[in-house]
Amino acid sequence: MTDGPSATTVSVSMTRQKKKLSRWNKWGKVLAVIVAFYGLWLVGWEALARSGLWPSYVFPPFTPVLQAVVDNTVDGRFPLAIAASMKRLLIGYLAALGIGMSLGLIMGRVQTAQITLGSMSLGLQALPSIAWLPLALIWFGLDESAIVFVIIMGVVFSIAMSTSTGIRSIPPQLERAARNMGAKGDSMVFDLVLPASLPHIVTGMKQGWSFAWRALIAAEMVYSSVGLGHMLMMGRELNDLAMVLAVMVVIVLVGLAADQLVFERLERAVHARWGVARR
Amino acid sequence: MIGIPKLVMRNVSKFYATEGGEVEALRDVSLEVAEGEIVCLVGPSGCGKSTLLNLIAGFEEPEAGEILIDGKPPGKPGPDRVIMFQEGALFPWLTVLDNVAFGLKMAGYTKEERRALAMEELRKVGLDKFAKNRIHELSVGMRQRVALARALVMQPRVLLMDEPFAALDAQTRDSLHAELQKLWAEQKMTIIFVTHNVREAACLGDRVLVMSPRPATIVASRQVVAARPRCIENDAVIAAARVLLGDLKKGMGEAAEGCALPVAEKKGAEVKGE
């Protein structure tokens, strides 16, 4: 009897250790699978490209692509291009955020606006944003503002619609409670409507960011003298496929970084704070 | 009743337009509530009890009849008549403290003032330790305590309670009954409490108004005379609840069959018709 409790303790700590170990094993396995997948992929690419079936200007191996990423980063061309692209992106995105949220607020609060502006947003959302570029070039000329305009048009309706959806899904009791306690006009908007719909709004912001990113690269490819999209087209003009692929890799990495480091975290934080399950 | 009653409703009727045509929610409802009185409205689900509260709160207007609070029409919704909802209707993006302080913010108190007042109110409902928590981190019972604090911090002249404890487990509900009676004993606000539970009505009400199914009319008004604080298991409360159940069944047009209803005269219970 006397050794009963200590025996239990030992067995408990052992199961704990086992659990820890199994969790580690699980993560280790996941990691191993991922590394193996990309490793095989890269080795396969390298081997196929060096097999001599295709000339290297049609299908370059992986190593010169990596070399191009490193070289262009070191000589400052990538940082410069990324900076130029990001500047346009941020201007366009922030403007779209402001316009989109205002539009969404009106759509969410006024029934007539939902019918009119809402259907218009849905329609224009179906238009790929690059389709605005010819119009933008005619209106703004060969100018930065043409690209910014294309970005805005790519993002604004998605933000507007998610904002209005967020507003429409506020439980009516919350609004009643707020009204009961004296909220009206501005205070109703800033202390109830916007915070209550923020989980929807951040989801729209995340989606909007990826729309903006696509619109930006597309617009830069068609018309620009600096930026990632422009570098992509320059690679084509120089028949430098390694360069083209290197730019594509950078576009993926930058887009992924913004999505995961900024928007994924923001969405997670807001949803956790609001106590809503992630959809 | 002495002086002007706190709340008067005279021949109030209310209709709703629905897809199936017009629905009559309230028919010719008249009632008076004295200052500092707890009046419970008990009736079957969907009978229009909540409609009555919405009219008093000013969210809706009656088609006919007159509502007076302190001799004046209620006007727009305002913090002098705070509603406490069944689901609490707390704001998930705010901390417990900021939820309680919300109405004070709307009323223009400074940050320090409203934090101090809200904290004081949270202390009264025993949740001051949870001031920094979020709503979804609390149990349902704790949420209703927060909702109660949020209502009381406004020091409403009339507190409107719309089945606030209906979703709680029995133990939590009992402790909230005790707390509500304690807070009422301190502040003596007028309370109009809607429930479909006759025991709860008998436990909390100075007076209980029994309502019929839609269109709701008031079929009985009973004074419950028993010492406070009462609890739902008190003999007096159980006896009074039986009488109310009889009224309720009569109002629903059912014979009170199978269950004898002794007129309560047990252990100090006294239920008077009016």
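Modeller: A residue is buried if 20 or more other C-beta atoms lie within 10 Å of its own, exposed if 12 or fewer, and partly exposed in between, with C-beta atoms placed from the backbone. This is a predicted model, where local features need pLDDT of at least 70, side-chain atom pairs count only at pLDDT 80 or more, and totals for chains, interfaces and linings use all residues. Residues are numbered from 1 along each chain as its sequence is written, while chains are lettered from A and ligands numbered from 1 in the order in which they are written.

Helices (H or I, at least four residues) and strands (E, at least two) are DSSP runs, numbered from the N terminus. In E6(B), both faces are covered. B:Val158, B:Leu160 and B:Asp162 are buried on one side. B:Leu159 and B:Met161 are buried on the other.

E6(B) has a partner in strand E5 of chain B, residues 81–84. Two strands pair if DSSP finds at least two bridges between them. E5(B) and E6(B) pair in the parallel sense, over four bridges. Here B:Val82 stands opposite B:Leu159. E6(B) is also joined to strand E7 of chain B, residues 190–195. That pairing is parallel too, with five bridges. B:Leu160 has B:Ile192 of E7(B) as its bridge partner.

Next comes B:Glu163, in the loop between E6 and H5 of chain B. It is buried, with 20 other C-beta atoms within 10 Å. Its phi is positive, about 45°, although it is not a glycine. Most residues other than glycine have a negative phi, and most peptide bonds are trans. B:Asp28 also has a positive phi, near 55°. This residue sits in strand E2 of chain B, residues 21–33. B:Asp28 is partly exposed, with 14 other C-beta atoms within 10 Å. A cis peptide bond joins B:Arg228 and B:Pro229, with omega about -5°. B:Pro229 lies in the loop between strand E9 (218–225) and helix H7 (235–251) of chain B.

Now the domains. Chain B is divided into domain 1 (7–80 + 157–273) and domain 2 (89–155); the bounds come from an automatic or database domain assignment. The C-alpha centres of the two domains lie 26 Å apart. Their contact takes 10 residues from domain 1 of chain B and 11 residues from domain 2 of chain B. Two residues are in contact if their C-beta atoms, placed from the backbone, lie within 7 Å. Helix H5 of chain B, residues 170–187, gives the largest share of the domain 1 side, four residues. That side divides into eight nonpolar, one polar and one charged. Ala, Val, Leu, Ile, Met, Phe, Trp, Tyr, Cys and Pro count as nonpolar, Asp, Glu, Lys and Arg as charged, and the others, Gly among them, as polar.

Chain B also meets chain A. That contact takes 16 residues from chain A and 21 residues from chain B. On the chain A side, helix H7 (172–180), helix H8 (186–222) and helix H10 (241–274) each supply at least two residues. H7(A) gives the most, with six residues. The side of chain A that touches chain B divides into eight nonpolar, five polar and three charged.

Chain A itself has 10 helices and zero strands. Its radius of gyration is 26 Å, well over the 19 Å that the globule rule gives for 279 residues, so chain A is more spread out than a compact globule. The radius is taken over C-alpha atoms, and the rule is 2.2 Å times the number of residues to the power 0.38. Along its principal axes, the C-alpha trace of chain A spans about 85 × 75 × 30 Å. Of the 279 residues of chain A, 33% count as buried.

Last, confidence. pLDDT is the predictor's confidence in each residue, from 0 to 100. Chain A averages 89, and 91% of the residues score at least 70. Over residues 1–8 of chain A, pLDDT stays under 50. Where pLDDT is low, the predicted coordinates should not be read in detail.
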